[in-house]
Amino acid sequence: MAQTLTWLHLSDIHACKPRTGWDAKRVTDTLCKDLKKMQERYGLRPDLIFFTGDAAFGHIGSGEGKSIAEQFREAHDFLTTVRESFQPAIEQRNLFLVPGNHDVNRNKISKFEKQALENINSLDEVTSFVQDAGIEWQRIIGRLDDYAHFLQTYGYDHLLTGREHLIYADAREVAGFRVGIAGFNSAWSSLGAGRTEAGRLWMAGRFQLETLLQKLPKNDFAIALLHHPTNWLVPEENPTFGRELERDFPFVLHGHEHQDFVRSNASTEHTVISAGACHEWSESKNNGYNFVQLDFVNRTGKVWLRQYDSTGGGWIPRIIHDRTDDSGCWILEHLTPWIEKLCSSVAAKKNFKPTVEDNIPIEITPESKVDRAEDYEVRYRKAVADKLDYVQLFGIDVPKESKEYSLTVAYVSLNLSDEDEEATEAEDLEGDINELTVKDTTTFPAEQVFDNLCDKGRLLIRGVAGSGKTTLLRWAAVQSARNELVSRDTARQKLPLIKPSLSKLDGEPDTKFSHNSGDWREKIPFIIRLRDCTNGQLPRPGQFPLLLAKELPDPPANWIDDILKSGRALVMFDGVDEVPQQARDETMREIRQLMKTYPDNYYVVTTRPEAVERVEFIGLGFVSARVEPMTPPDRDTFIDRWHDAMEVRLRNWNEAADLRALAKRLKQRLEATPAVARLTSNPLLCAVVCALHRARNENLPETPVDLCEKLCEMLLDRRDKERLSFEAQKLINEAYGRLEFRVRKGLLSQLAFHMVTSGVSAITEAEADRQIIEALGSYKLSNINAIAIRRALVERSGILQESSEQRIEFLHNTLKEFLAAERFVNIGDVQILANHTDEASWQPVILFAVALPRDGSKFATELVRAILEKTPLNALSKARSKQDQLEAAKLRSKQFFFLRCYTNAYQLNDPEISQAFTQLSEQLLPPQNLTDATVLASCGEAIIPYLKKQTGWKAAERAACVRTLGLIGDQKARDLLKEFLDDSTLKVLKN
């Protein structure tokens with residue numbers, strides 16, 4: 001292992017193509033070439049990259065490249081090129097930035113804010129003001145909102161751990177040393193006024209210092225980063241704050257001023273290093289950068305200084321007389337005693353036993369590894385719990401952070417049921433119907449199903465869109481991260497287990513499973529969002545911790561491997577259905593290989609039911625469970641908790657309201673109108689109904705199409721129109737604010753259409769921009785900046801959101817599918833929908849498409865007719881072999897989908913289609929099992945006549961009929977249920 005720490009120190013890009021691009025391109029391009037040369041010539045590949053401010057030039061207008069948002073994007077592209085100049089490339093999480101005065105958006109500084117800062121009379125006053133972080137502070141720090149958005153958008157989450165003040169404390173392990181990194185904010189009081197601010201900046205430096213020292217992870221030494229040298233602070237803070245920095249940090253790195261490149265203090269062993277500007281002007285002598293390397297074997301430190309030579313158009317050594325050699329290398333002789341003490345201190349902490357040799361590499365003993373592993377596990381668990389323990393409210397117009405409320409507090413447990421055995425097996429079952437349908441023996445709270453992981457260790461959860469699968473995994477991760485153990489004396493109801501040897505995959509022998517033990521809450525949680533695995537390949541196990549806590553320092557060496565090998569992980573794969581169809585086999589292979597390599601962990605997978613065959617997972621030893629629709633009591637609990645959370649958030653936003661009466665009226669309305677109540681069968685739609693009920697004066701939609709349409713109207717149109725305050729209006733992009741509702745919705749439809757046809761659930765920002773440009777052109781709005789519109793759609797609509805680095809996705813796939821369906825209908829593309837009838841990811845789009853109201857249009861009729869042509873009408877013979885059963889199940893699925901399309905269609909005019917519906921209804925009804933019942937209930941009252949009790953029906957069929965009628969829930973269904981009162985299904989009716 002290398003016994004050096006190397007960092008690259010950059011500063012001051014001042015990115016702005018319209019203003020400086022013509023002059024900057026050669027400077028920055030040759031800089032990246034110079035970095036490659038420095039690695040080749042001197043072996044200088046940095047472990048860390050520090051950028052000390054002024055990524056942007058500053059907002060100078062709304063034209064292309066002039067907005068500060070586009071300047072930050074330009075800066076990110078440059079920094080990405082810098083990282084990729086080295087072999088291998090430097091990970092982005094090892095790049096650290098701080099804000100500079102050019103990163104301030106001066107357009108967001110009001111006269112009030114200027115006066116507020118000018119009227120501050122003492123350091124105590126400014127410290128109190130910053131520490132309290134009240135509304136005045138929020139207004140002041142708002143000048144750096146674009147900078148914060150840049151960090152969030154481009155994947156610099158590790159720099160947002162102190163979002164409130166835009167400071168952070170982090171650490172990385174290099175060469176056996178834990179290096180602390182503290183990012184300060186010296187720019188928050190800047191007006192972007194340049195040199196006139198020298199000696200006039202407030203910082204609240206001591207508050208930032210003490211805050212960061214408390215947050216810094218355990219470290220062997222730490223480096224401080226800030227943009228301004230401390231002599232730019234007001235006399236109340238300078239030079240005191242500089243001395244405090246010198247006391248606590250052996251290294252302080254800054255930008256902004258570019259003369260005194262290295263200042264050292266032999267008595268304190270403290271070093272201040274200034275970076276040159278990546279680009280000031282090509283003729284400027286301030287253009288420069290540096291490498292620093294600490295050599296722990298030879299006990300030396302070196303700084304390589306580089307400068308831009310405008311005559312030759314490239315980078316050369318910066319030679320300083322009596323300081324550097326001809327290569328621009330400055331030897332930090334004063335560091336030798338400090339490095340010796342550091343190595344001795346670290347060796348002592350690690351129980352290091354020195355030998356007679358002088359230059360001995362630093363080693364980590366097993367004991368120190370355990371200490372660091374335990375420390376990292378504690379921090380990782382806390383990070384996961386903090387990150388995932390929130391839910392966002394629909395229908396409340398306050399900032400994002402105010403929409404969030406505790407998932408732990410608000411969570412309403414889902415009910416999961418054992419997936420039914422093959423229909424042929426169910427048909428042979430005789431006896432009391434209660435064997436199949438009594439709720440307390442077939443349906444369980446999700447917690448109990450997770451408790452059964454100790455039996456098999458593998459759980460497949462299947463549920464329709466919006467049923468709460470992702471929220472369930474997040475809730476489980478929070479519980480596991482908090483390590484909240486339950487009493488092992490508590491009797492646990494066990495989910496009936498499916499035999500793991502039902503099938504073999506790819507001709508492989510039955511998988512051998514190791515014994516799993518231990519409560520799932522003891523495990524360390526990892527969630528892998530499969531929608532981000534567009535090529536089907538899973539992230540490497542070493543990246544698992546970064547998926548939920550990339551702001552943390554590097555885990556100790558082999559930490560994740562040790563966790564997985566010891567079976568201490570709860571690995572959850574979210575959304576097999578969201579992997580593109582062509583890549584799904586690759587995903588399955590990788591999941592299978594991971595479980596073979598680390599068989600002793602708990603594994604959970606979620607998917608929509610149509611996306612994968614259960615047999616694939618049964619062969620891997622998974623127990624299969626289905627997410628049940630919310631029961632009326634669950635729904636009422638959800639409604640109460642939603643309104644409670646809304647009350648809290650409104651109260652925090654100085655808009656106190658008592659919403660208990662509103663919640664009560666909504667519950668009464670749903671009880672009286674089953675057609676509307678059916679829309680609340682899952683958490684997503686129930687939340688939407690709550691939001692619309694509140695926002696639309698208690699008027700409710702009655703169909704899924706109407707529900708999505710009204711939600712789009714509420715999020716895209718009404719809430720912007722109803723904003724009254726001037727300050728709030730400033731938050732809306734001017735061009736976006738002028739767009740009509742139909743255009744905003746049309747832009748989202750274009751994005752949804754592109755995602756669906758591409759088979760993905762998230763796209764890059766660049767691809768989104770291209771789609772928006774195309775859509776704006778169709779509306780004759782080509783002059784509008786697509787990047788600004790995309791950003792406004794993310795920030796304002798609530799329908800789009802940022803997913804991973806530079807990628808966006810819809811808030812939920814249901815909205816994506818609705819908007820995509822609307823575009824298919826508008827362009828009249830029947831054939832492409834018909835061609836994808838058998839694909840699970842397309843079926844929700846098709847169901848929306850046939851249901852969209854278009855009076856006089858033949859679209860629905862033509863689409864349903866095309867689906868009918870692909871649907872076999874013949875009755876299915878009883879299958880015997882497993883292969884025959886699978887084929888029969890596929891044909892039956894096609895027939896069920898045709899029924900759903902027929903009953904969902906807004907308008908049909910074809911006797912042949914109606915005749916086919918009658919024929920298939922007679923063949924397929926009554927439903928054979930509870931899974932069929934849930935699907936058929938979505939067909940509504942059209943199938944009620946086929947559920948009339950018949951003599952000779954089997955127990956499973958009677959149970960399924962009762963389930964279907966109960967889920968439909970209208971008066972006709974309730975009347976028909978009375979026919980089953982003399983059956984042993986009576987207990988089912990009461991449930």
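About 70 Å³ of space lies in the second largest cavity, a cavity being a set of points, on a 1 Å grid over the protein atoms alone, where a 1.4 Å probe fits but cannot get out. A volume is the space filled by probe spheres set on the points, which are joined across faces, edges and corners. This is a predicted model, in which local features need pLDDT of at least 70 and side-chain atom pairs count only at pLDDT 80 or more, while totals for chains, interfaces and linings use all residues. Residues are numbered from 1 along each chain as its sequence is written, and side-chain values use heavy atoms, with hydrogens and water left out.

Over the whole structure, the search finds seven cavities of 30 Å³ or more.

| Cavity | Volume | Lining by class |
|---|---|---|
| Largest | about 100 Å³ | five nonpolar, two polar, five charged residues |

Lining residues have an atom within 4 Å of a point, and for the largest cavity they include Asp 146, His 149, Glu 765 and Arg 790. Two or more residues of this lining come from each of helix 2 (68–83), helix 6 (145–153) and helix 32 (786–797), helices being DSSP runs of H or I with at least four residues, numbered from the N terminus. Helix 6 gives the most, with four residues.

Around the second largest cavity, the lining includes Val 825, Arg 854, Phe 859 and Tyr 906.

Key: 1 Å grid on protein atoms, 1.4 Å probe; cavity = no way out; pocket = protein on both sides within 12 Å on 5 of 7 lines; lining within 4 Å. Nonpolar A, V, L, I, M, F, W, Y, C, P; charged D, E, K, R; others polar.
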